[in-house]
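Visitor: Welcome me in, please. Could you walk me through this structure, one question at a time?

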Amino acid sequence: MEATTTESPPDLSDNINNGTSDESSPKTILQASTSEQTPLDETTEPYHPPPTVEGAAPAPMKKRRRRKKQFPEMVSSEASLNGVRVLRPHNTKSSVYTEKLVDAIIQLQTSETSSLSRNRRRKVADLDKEVDVEALIAMSVGFPLDSLTEEEIEANVVPSLGGIHQSNYIVVRNHILSSWRSNVSVWITRDQVLESIRSEHRDLVDSAYSFLLEHGYINFGLAPPIKEAKLRSPLGVEKANVVIVGAGLAGLVAARQLIFLGFKVVLLEGRTRPGGRVRTKKMNGGNGEVAAADLGGSVLTGINGNPLGVLARQLGFPLHKVRDICPLYLPDGRGVNPDIDSKVEVSFNKLLDRVCKLRHVMLEEVKSVDVSLGTALEAFRSVYKVAEDAQEQMLLNWHLANLEYANASLMSDLSMAYWDQDDPYEMGGDHCFIPGGNERFVRALAEDLPIFYNRTVESIRYGVDGVLVYAGGQEFRGDMVLCTVPLGVLKRGSIEFVPDLPKRKKDAIDRIGFGLLNKVAMLFPYDFWGGEIDTFGHLTQDPRMRGEFFLFYSYSAVSGGPLLVALVAGEAAIKFETVSPAESVERVMDILRGIFNPKGIEVPDPLQVICTRWGKDRFTHGSYSYVKIGSSGDDYDILAESIGDGRIFFAGEATNKQYPATMHGAFLSGMREAANILREAKRRSLVSSNVINKVNEGSKTLDALFEAPDLKFGSFSVLFDPSTNDLESNALLQVEFGEQLDSCYLCLYGLIKRKQAIELSEVEGDYNRMRMLNRDLQVRLVGRKSLSGDLETLLTCIKSAKTSNLTAQINGSSISALAIR
């Protein structure tokens, strides 16, 4: 679900989100290097102007979103050291891998000889070029040039940070990654990697290969050899049971990776289909015309390093580049004056440039300041008197609508400080369509997975003993849960978490924005708009409705039929869901006829129309995330954090700080959490026996106390404070969930008043009791390890009293309880 906007401002080099660190230099990878790196070529097609309409020249090329790229562009060694960036480089050829290449690099890097012969200098230059190419490939996937990622640091891939060992590891890691990327349809083995590296460097290969494999950077996807391996548990050993909530891209990818890593997995999906916000609908005109319409995620935004691009190669799906030509039309159907168009585009870029400079200064001086991007742009527009006549205003509003589309947000809600915080990580390369729709990916990923449909999750309960998920009248038990539901569902509180989500996570959920984009997909008897373009735009006079059908996508080349999709963004997208589909279709047809009829082109009635309502979809409550005023990229990281001591994990585009609001962002988040779940499983298995015994001893003591509770009703048990009969005194509540789980019940605990416990016991049924506990009494249930100070104090008091005279105390408590009742 990505947008198409204009070129970047002429110079944004002072933007806080722009540029590459002075410390990033390939010389830390190859100390013997004496040559600059060969820059990466960004493949582009020559500009072909569309047919001129009524003397109007075509509008400038419009691209997805205002971006200040960092990856995968190349920075030369010398330029990096001097803080100079090389933009839009050219003429890089694909690498050719030779045996012993990395071994030779490492040998040269660790050599104590300071002088090199002329031949050796040439050899070093060749190796340096090869390493540069491999570094570029690694950068396109998201790895930094000469440092480790946070994931690598957490995985302890090197014994110590910095130094020659880390540099050598990076070279080996990049070589493995590049080797697999050269042929993504085969499974690369550790032994194959060792063929090009001497045996004394086996530790580097072991570390890099294990990291890349477990984190899904190599050997992922749906090529037959890889798919077969992914559905096979290694050595037949099952590590743990994982319940995945949601069968969108994140859930499907995580499930496949977890099964490969040895986990037992089940997916719960509320819909009757997989895919979530990736939805391809087959449209049928009734006269033989059919088309596949992507109603949700539709564009692969950048093909370089994109995992969906890898899937397309493996499955043999062709890619259709979204052509940059995008003519714009006035409300009366006339083409936009090219001089005015260029003038407003330049002015709009300068406005964004001014805002970038302003926010840089503001964030340096006042760290917490933030205003809306719309407010800042309007302030500069007014000061510099930009777009003062009617046509200029409409053009400026078109650009603003395009930004609202890219961010699924109103300009008035978008953070000036951090709205483009993900720009440095953007995937490079062309933006592409998949012929037949993106649901082809979904169907392939979902094949053979244990997915339960029509299972809307109502509650997730977790504690020291495991997790219980209630969905569709059933309960699913496991060791861990991966929650992949959209941010809109979390904002609505549609899923009950017991214990409740930590305040830190709830606050992040509130701060991050979740916006709206809608579409009108129209299947026509024939293509009346012409096949030379993939997009064209429409301007409106009402600034509040600037996002109404402002951009049209032609899917004729990829859908199988004459399909046109109109986008509705910003405030118009919200209003769109309050208007009848018939009224919306009438409005969009008026626009199309206003553009084409004056040119003598008849616009036929559509054969079939579909209007989306993503805001009213109870499984999404919106389209995709954005950085709202007061939020930042850190909130995406907070949303991604696990809770419950490694019981509950979160994935989805809104948990991916680097690639939010994208299909590949959801994909990569699923891979990320599969690796996190594996790390947590390893951590649990490495807990020392004395710690396990200590935990078990504490649990056994607690279990022994509840063998003779003061009150028991249904799944609820209560221990009173033995030192008093006061109705306002504290009591310890235990709630058992589900059937026995690995020889023990899943139990949660809470602190309530004695009076409340007695009132709770008089309520009929565990469901009503739990509802009263949560809504009326607002008692927070926790696991054994999370007992608070008051609970521990009460528990100590109970244990002390029962230890001194256990039998008498149990009888006394029972008598007291009966007397009170």
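Guide: Let me start with a charge over a ring: R754 lies over the face of F720, at 4.2 Å from the ring centre. A charge counts as sitting over a ring if NZ of Lys or CZ of Arg is within 6 Å of the ring centre and within 35 degrees of the ring normal. This is a predicted model, where local features need pLDDT of at least 70 and side-chain atom pairs count only at pLDDT 80 or more, while totals for chains, interfaces and linings use all residues. Residues are numbered from 1 along each chain as its sequence is written, and side-chain values use heavy atoms, with hydrogens and water left out.

Visitor: Which residue lies over the face of F317?

Guide: The ring of F317 also has a charge over its face. The distance to the ring centre is 3.7 Å, and the residue is R440.

Visitor: How many helices and strands are in the protein chain?

Guide: Helices (H or I, at least four residues) and strands (E, at least two) are DSSP runs, numbered from the N terminus. Counted that way, the chain has 25 helices and 26 strands.

Visitor: What share of the residues in the protein chain is buried?

Guide: Buried means under 20% relative accessible area, exposed over 50%, and partly exposed in between (1.4 Å probe, protein chains only). Of the 821 residues in the protein chain, the buried share is 58%.

Visitor: Is N174 buried or exposed?

Guide: N174 sits in helix α5 (residues 163-181). Leaving out residues up to four places away in sequence, N174 touches E134, A135 and A138, where contact means heavy atoms within 4.5 Å. Because its relative accessibility is 3%, N174 counts as buried.

Visitor: Are F380 and Y384 stacked or edge-to-face?

Guide: The structure holds 24 aromatic pairs. For this pair the ring centres of F380 and Y384 are 6.2 Å apart and the planes are at 20 degrees, so F380 and Y384 are stacked. Rings of Phe, Tyr and Trp (its six-membered ring) pair if their centres lie within 6.5 Å; planes under 30 degrees apart count as stacked, over 60 as edge-to-face and the rest as tilted. By that rule the answer is stacked.

Visitor: Which helix holds F380 and Y384?

Guide: F380 counts as buried at 17% relative accessibility, whereas Y384 counts as partly exposed at 40%. The two are four residues apart, about one turn of the helix, and both lie in α12 (residues 373-384).

Visitor: What is the angle between the planes of F536 and F596?

Guide: F536 and F596 are both buried. F536 lies in strand β17 and F596 in helix α19 (residues 581-596), so their pair ties together parts that are 60 residues apart in sequence. Both also belong to one aromatic cluster with Y329, F524, F528, W529 and F552. The F536 and F596 rings are 5.8 Å centre to centre and edge-to-face, with a plane angle of 85 degrees.

Visitor: How far apart in space are P525 and L607?

Guide: P525 is in the loop between β16 (518-523) and β17 (535-538), and is partly exposed, with a relative accessible area of 25%. Apart from residues up to four places away in sequence, P525 touches E289, P562, P604, D605 and L607. Although P525 and L607 are 82 residues apart in sequence, their C-alpha to C-alpha distance is 6.5 Å.

Visitor: Is α10 roughly parallel or roughly perpendicular to α21?

Guide: Helix α10 (residues 307-315) and helix α21 (residues 663-685) pack with their axes 8 Å apart, at an angle of about 90 degrees. Axes are lines fitted to C-alpha atoms, for helices over the stretch in contact, and angles run from 0 to 180 degrees between N-to-C directions. Angles under 35 degrees count as roughly parallel, over 145 as roughly antiparallel, 65 to 115 as roughly perpendicular and the rest as oblique. That makes α10, relative to α21, roughly perpendicular.

Visitor: Which residues of α21 make the contact with α10?

Guide: On the α10 side, the contact is made by P307, L308 and L311. The α21 side supplies M663, H664, F667 and L668.

Visitor: Is the peptide bond from V498 to P499 cis or trans?

Guide: Most peptide bonds are trans. P499 lies in the loop between β14 (496-498) and α16 (503-511). With omega near -5 degrees, the bond from V498 to P499 is cis.
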